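Please read it beside the sequence and the model.

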Amino acid sequence: MTGRTIDAGELRRRTQQLLAEHPPATTERTAFLTARFDAGLAWVHYPEGLGGLGAPRSLQAVVDTELEEAGAPDNDPRRIGIGLGMAAPTILGFGTDEQKRRFLRPLWVGEEVWCQLFSEPGAGSDLAALGTRAVRDGDSWVVDGQKVWTSSAHTARWGILIARTDPDLPKHRGITYFICDMTDPGVEVRPLRQLTGEAEFNEVFLTGVRVPDSRRLGEVGDGWKVAQTTLMNERVSIGGMRIPREGGMIGPVAKAWRERPELRTHDLHQRLLSLWVEAEVARLTGERLRQQLVAGQPGPEGSGMKLGFARLNQEISGLEVELLGEEGLLYDDWTMRRPDLVDFTGREAGYRYLRAKGNSIEGGTSEVLLNIVAERVLGLPPEPRTDKDVAWKDLNR
Amino acid sequence: MTSQGDLLYTEEEEAVRSAVRSLLADHCDPAAVLARTESEQPHDRELWKALADGMGLAGLLVPEDRGGQGASHREAAVVLEELGRAVAPVPYLTSAVIATETLLACAGDAAAELLAALASGRTVGALAVPFATAPEAAHPRVRFDRGALHGEVRGVADAAAADVLLVPADGGLFAVDTGRDGVTVTPQTSLDRTRPLAVVTLDAAPARLLAEGAEADAAIRLGLRSGAGLLASEQLGLAEWCLTETVRYTKERHQFNRPVGSFQALKHRLARLWLDVVNTRAVARHAADALATGSDEPNLATALAQAHAAPVAVRAAEEAVQLHGGIGMTWEHPVHLYLKRAKADSIALGTAGRHRENLADLVDLPAPATP
């Protein structure tokens with residue numbers, strides 16, 4: 001450490017030094033990303049030695065802009081979103097020094113993909129009711145259960161896992177958080193085909209999987225608290241990007257409207273204008289949120305963004321299929337595939353329409369998010385809880 | 001890519017807000033507003049004096065060298081948020097925004113003199129067009145004949161509070177003093193009695209020319225555009241009041257041995273309303289900033305703001321009535337003042353549908369060709 005404070009100028013200097021020592025044109029991609037991590041320019045708000053410099057998070061944009069201008073490779077964040085957005089902050093917050101050193105670098109560089117082993121067939125919105133068991137056996141835990149809606153499980157090296165370690169306690173208190181090696185015997189990943197025809201997600205069967213106690217994150221029984229860090233970061237990582245006008249789902253519809261006058265009807269025109277307005281308003285709300293974050297005044301507005309986008313994506317893509325008329329009766333391809341990454345606006349209108357149905361389910365259903373807004377933002381009284389003081393094993397499941 | 005401008009509030013803007021809010025808390029509680037709507041004097045002249053004369057807020061849009069405060073639409077929008085929150089019966093939107101912006105676009109000494117008078121707040125002005133007129137729409141004109149005006153304009157907001165009317169006529173825009181012979185202002189029974197309408201009748205009314213021809217038309221359009229853009233901030237304040245009061249009420253009101261606000265059916269409605277209010281804040285700030293700086297196309301920003309904010313304010317007020325249950329239906333509870341203001345605002349300066357149709361041209365999403 002030079003002793004200099006880390007401001008925008010200093011970050012620019014260090015970024016230029018990285019570029020000089022490892023010219024992107026002649027440096028292999030992984031080597032460049034590893035050098036960037038070791039220079040503390042991966043995520044500048046992380047501690048030194050773990051890819052960061054302890055700088056304010058808002059300064060990351062300085063580094064990203066310089067590197068983008070120099071044509072440096074990025075770590076393809078969409079492919080490793082669960083690692084970056086969920087696993088990393090949890091490891092940083094609760095991991096041992098050894099765990100941080102072992103996992104964070106290959107995670108950020110993208111050499112190791114992560115998945116999330118949270119949801120279960122019997123525990124969706126009520127995640128804390130999960131039933132996957134972890135039983136202590138010497139220095140290890142033996143895990144049995146089934147996880148579901150697990151994206152990237154088929155490409156993942158590691159999974160963040162929550163499992164029940166004490167069924168005699170109320171549901172929130174008997175959970176422990178682990179890191180699961182997806183290559184271990186007993187881990188079986190099966191594609192779960194969705195209504196789009198493809199299998200973006202998986203089901204994961206865990207049968208007698210041995211997880212060493214050294215891969216526990218946080219204390220035994222503290223898993224719910226640790227998982228809150230993961231879930232909070234899931235919602236933060238949505239949004240924050242600057243989007244141009246017509247940058248989202250409304251883009252292809254507006255384009256089709258302009259290019260194909262024969263599709264226009266008065267009814268569709270009224271509905272298109274209403275949705276165009278809503279999409280532009282939502283974009284401005286996102287922009288205002290971004291300005292708040294940059295100004296260091298984060299507000300509760302972020303918790304609403306996903307709700308708005310889910311509904312809009314569904315309505316706009318629905319209108320698009322209808323606008324296309326006869327073509328809307330067709331579908332591009334029902335072939336079962338396992339895509340590496342998800343693009344909500346990718347493929348054609350029919351796919352967009354069907355895929356958008358997931359937007360109000362994944363990452364918290366819209367109904368649960370409305371409860372969260374009502375209770376945490378507006379301070380309305382919580383639902384009466386019948387499960388708070390009941391041992392997990394005695395719950396109706 | 002278009003620039004979005006600053007969608008936040010500056011420290012100065014927050015200072016304006018807290019000054020206005022504390023004035024309104026002391027002098028404009030809902031019971032007093034309700035009582036005033038049934039009096040002979042629907043406008044609150046004392047409150048106007050405090051806002052305009054005392055705090056200098058009538059001249060925010062006017063440069064200092066023309067007798068104003070040299071602020072901008074951004075600060076005026078914050079004033080309107082607070083006035084909307086209180087459904088305050090003062091002619092701020094009509095005089096300090098619409099009439100003032102119209103005069104700003106008129107060259108000449110007559111306009112300059114009147115502009116300074118409006119900026120001081122000691123003179124109240126009103127643009128004599130029907131309050132429902134959208135910025136780009138046609139509006140009635142009275143007849144100019146032998147140095148005087150003849151004709152009638154209906155539905156003029158706050159005309160009864162005005163000392164001077166800006167009257168579009170054949171040949172230009174004229175100023176008419178309301179106290180003169182030949183000028184009659186007859187109050188109409190209005191849906192929103194906190195911003196009452198009136199019929200202006202001119203019978204050989206003496207008039208001063210402010211602007212002619214295209215200059216007059218452009219000035220009127222700019223006045224109405226600023227009015228429509230900043231009305232979104234009033235609608236934001238109004239919607240916020242409805243949300244806040246309804247949340248407070250549903251936390252306190254008990255039925256079935258629970259606060260009614262603990263029922264999911266109500267929580268979800270209030271959470272959705274909160275989302276609408278959050279969106280309205282972004283779009284209202286965007287319009288105010290666009291009008292202040294010219295960034296991101298003021299015509300588009302204004303149409304977008306009205307297309308969104310008008311229905312949100314109406315929904316907020318309607319939800320407030322419904323979720324207050326029986327008490328919300330009474331004359332005694334102030335929520336009906338907000339409902340009436342919101343509904344009237346949704347027609348004022350062009351409906352949401354009209355602004356959406358305007359957007360169709362602005363963003364190139366044309367209507368189907370008529371066969």
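In which sense do strand 1 and strand 4 of chain B pair, and over how many bridges? Strand 1 of chain B and strand 4 (residues 164–169) of chain B are parallel, and three bridges join them. B:Gly125 has B:Val164 of strand 4 of chain B as its bridge partner. Strands here are DSSP runs of E with at least two residues, helices are runs of H or I with at least four residues, and both are numbered from the N terminus. Two strands pair if DSSP finds at least two bridges between them.

This is a predicted model, in which local features need pLDDT of at least 70, side-chain atom pairs count only at pLDDT 80 or more, and totals for chains, interfaces and linings use all residues; side-chain values use heavy atoms, with hydrogens and water left out. Residues are numbered from 1 along each chain as its sequence is written, while chains are lettered from A and ligands numbered from 1 in the order in which they are written. The model has ipTM 0.96 and pTM 0.93. For chain B the mean pLDDT (the predictor's confidence in each residue, from 0 to 100) is 96, and 99% of its residues reach 70 or more.

**The mixed sheet of chain B**

Four strands of chain B form an open sheet in the order 1-4-5-8, with mixed pairing. Strand 1 (125–127) and strand 8 (208–212) of chain B stand at the edges, each with a single partner strand, so one side of each has no neighbour in the sheet. From one strand to the next the twist averages 25°. Axes are lines fitted to C-alpha atoms, for helices over the stretch in contact; angles run from 0 to 180 degrees between N-to-C directions.

Two helices pack on this sheet. Helix 5 (residues 92–104) of chain B touches strand 1, strand 4, strand 5 (172–177) and strand 8 of chain B. The direction of helix 5 makes about 70° with that of strand 1 of chain B. Helix 6 (residues 109–120) of chain B touches strand 1, strand 4, strand 5 and strand 8 of chain B. The direction of helix 6 makes about 105° with that of strand 8 of chain B. Contact means heavy atoms within 4.5 Å.

**The antiparallel sheet of chain B**

Another open sheet of chain B has four strands in the order 2-3-7-6, and its pairing is antiparallel. Strand 2 (143–145) and strand 6 (183–187) of chain B are the edge strands; each has a single partner strand, so one side of each is left without a neighbour in the sheet. Here the twist averages 15° from one strand to the next.

Strand 7 (residues 197–206) of chain B is joined to strand 6 of chain B by five bridges. Strand 7 of chain B also pairs with strand 3 (residues 148–157) of chain B, over eight bridges. The table gives residues that stand opposite each other.

| Residue | Opposite residue in strand 7 of chain B |
|---|---|
| B:Thr186 | B:Val199 |
| B:Thr184 | B:Thr201 |
| B:His150 | B:Asp203 |

**A helix contact between chains**

Helix 8 (residues 266–294) of chain A packs against helix 9 (residues 298–323) of chain B at an angle of about 105°, and their axes are 10 Å apart. That makes helix 8 of chain A roughly perpendicular to helix 9 of chain B, a term for angles of 65 to 115 degrees. Helix 8 of chain A contributes A:Trp276, A:Val277, A:Glu280, A:Val281 and A:Leu284. Helix 9 of chain B contributes B:Leu300, B:Leu304, B:Ala307 and B:His308. The contact residues divide into seven nonpolar, one polar and one charged. Ala, Val, Leu, Ile, Met, Phe, Trp, Tyr, Cys and Pro count as nonpolar, Asp, Glu, Lys and Arg as charged, and the others, Gly among them, as polar.

**Annotated domains**

In an unreviewed entry, UniProt lists "domain: Acyl-CoA dehydrogenase/oxidase N-terminal" at residues 10–121 of chain B. That span is 65% helix and 0% strand. The UniProt annotation "domain: Acyl-CoA dehydrogenase/oxidase C-terminal" (unreviewed entry) covers residues 224–361 of chain B. Residues 224–361 of chain B are 78% helix and 3% strand, with the end C-alpha atoms 19 Å apart.

Methods. Angles under 35 degrees count as roughly parallel, over 145 as roughly antiparallel, 65 to 115 as roughly perpendicular and the rest as oblique. UniProt positions are given in the numbering used here, feature names are shortened, and annotations may be inferred rather than shown by experiment.
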